Amino acid sequence: MIRITKDWANRLRAEFDKEYFKKLQAFLEEEYSKYDVYPKMENIFNALNYCPYDKVKVVIIGQDPYHEPHQAHGLSFSVEEGVQYPPSLVNIFKEIEDDLHVKVINSGNLARWAKQGVMLLNTTLTVRRGMANSHRGKGWEIFTNEIIKQLSARKDPIVFILWGSNAQSFEPIIEKQHLVLKAPHPSPLSAYRGFFGCKHFSKANGFLVKMGKEPIDWR
């Protein structure tokens with residue numbers, strides 16, 4: 001059972017009726033029936049379900065879900081409670097601690113950020129077990145592009161955090177009233193090329209305070 005809040009279902013209704021989404025739906029039905037696919041079907045739209053359109057303060061764009069058991073649960077970079085942190089998340093927490101001089105709590109479940117208005121959105125929302133990018137090019141990118149376009153159209157400013165070339169490909173559709181923060185991806189392959197020291201967490205909070213909003217507790 002795929003779950004999506006009424007708020008986002010109404011905003012994306014036109015997408016659900018398009019041919020690409022119908023093909024995507026048929027593909028997913030087959031994938032979920034034959035293979036282990038992550039996240040669980042009911043968690044596919046968690047990034048949206050935690051963040052009503054009008055409450056989004058920050059958007060962090062990931063690529064596709066983690067592809068091993070008990071990791072992905074519909075929020076980019078986040079893992080289920082009690083699961084070992086993947087390397088990118090380790091580096092994200094390290095940057096938070098260095099940037100904000102705080103200690104991150106002992107949990108890789110980032111729902112605590114999402115509940116504050118941080119949309120943790122992957123470009124592709126599903127993946128087959130053990131096969132990174134296996135659901136790439138099936139239609140998710142069109143769908144998530146529409147989500148970003150709708151958020152970009154909002155007059156109330158948002159912070160868009162774009163790590164790596166995949167996330168940065170969305171920059172051209174983000175309108176000028178928003179703050180765009182760019183850096184290399186936090187993976188071990190690129191974190192030392194400029195992710196560490198980017199100070200995106202303090203910069204995001206500085207912008208939110210300037211806009212009269214409550215800053216994010218990144219711990």
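Strands S5 (residues 159-163) and S6 pair in the parallel sense over 5 bridges. Two strands count as paired if DSSP finds at least two bridges between them. In this pairing, leucine 162 stands opposite lysine 182 in S6. The model is predicted: local features need pLDDT of at least 70, side-chain atom pairs count only at pLDDT 80 or more, and totals for chains, interfaces and linings use all residues. Residues are numbered from 1 along each chain as its sequence is written, and side-chain values use heavy atoms, with hydrogens and water left out.

**The sheet**

The S5 and S6 strands belong to an open sheet of 4 strands. Its order is S3-S2-S5-S6, with parallel pairing. Strands here are DSSP runs (E, at least two residues), and helices are runs of H or I with at least four residues, numbered from the N terminus. S3 and S6 (179-183) are the edge strands; each has a single partner, so one side of each lacks a neighbour in the sheet. From one strand to the next, the twist averages 20°.

Helix H7 (residues 140-152) lies across S2 (58-62), S3 and S5. H7 runs at about 150° to S3. Axes are lines fitted to C-alpha atoms, for helices over the stretch in contact, and angles run from 0 to 180 degrees between N-to-C directions.

**Helix packing**

H5 and H9 (residues 200-210) pack with their axes 8 Å apart, at an angle of about 60°. The two helices are therefore oblique to each other. Under 35 degrees counts as roughly parallel, over 145 as roughly antiparallel, 65 to 115 as roughly perpendicular and the rest as oblique. H5 makes the contact through Ile92, Glu95, Ile96, Asp99 and Leu100, and H9 through His200, Phe201 and Ser202. Contact means heavy atoms within 4.5 Å. The contact residues divide into 4 nonpolar, 2 polar and 2 charged. Ala, Val, Leu, Ile, Met, Phe, Trp, Tyr, Cys and Pro count as nonpolar, Asp, Glu, Lys and Arg as charged, and the others, Gly among them, as polar.

**Pockets and cavity**

Both terms rest on a 1 Å grid over the protein atoms alone. A cavity is a set of points where a 1.4 Å probe fits but cannot get out; a pocket is an open set with protein on both sides within 12 Å along at least five of seven lines. Lining residues have an atom within 4 Å of a point. A volume is the space filled by probe spheres set on the points.

| Space | Volume | Lining by class |
|---|---|---|
| Largest pocket | about 400 Å³ | 14 nonpolar, 12 polar, 1 charged |
| Second largest pocket | about 150 Å³ | 7 nonpolar, 1 polar, no charged |
| Largest cavity | about 40 Å³ | 7 nonpolar, 2 polar, no charged |

Of the 27 residues lining the largest pocket, Gln63, Asp64, Pro65, Tyr66 and Asn122 are the closest to its centre. H5 (87-100) and S3 (118-122) each supply at least two lining residues. S3 gives the largest share, 3 residues.

The second largest pocket is lined by Ile2, Ile4, Phe16, Phe21, Gln25, Leu28, Phe45 and Trp140. Helix H3 (residues 19-34) provides the largest share here, 3 residues.

A search of the whole structure finds 1 cavity of 30 Å³ or more. Lining the largest cavity are Ile44, Phe45, Asn46, Ala47, Leu48, Gly74, Leu121, Leu125 and Ile147. Helix H4 (residues 46-49) gives the most to this lining, with 3 residues.
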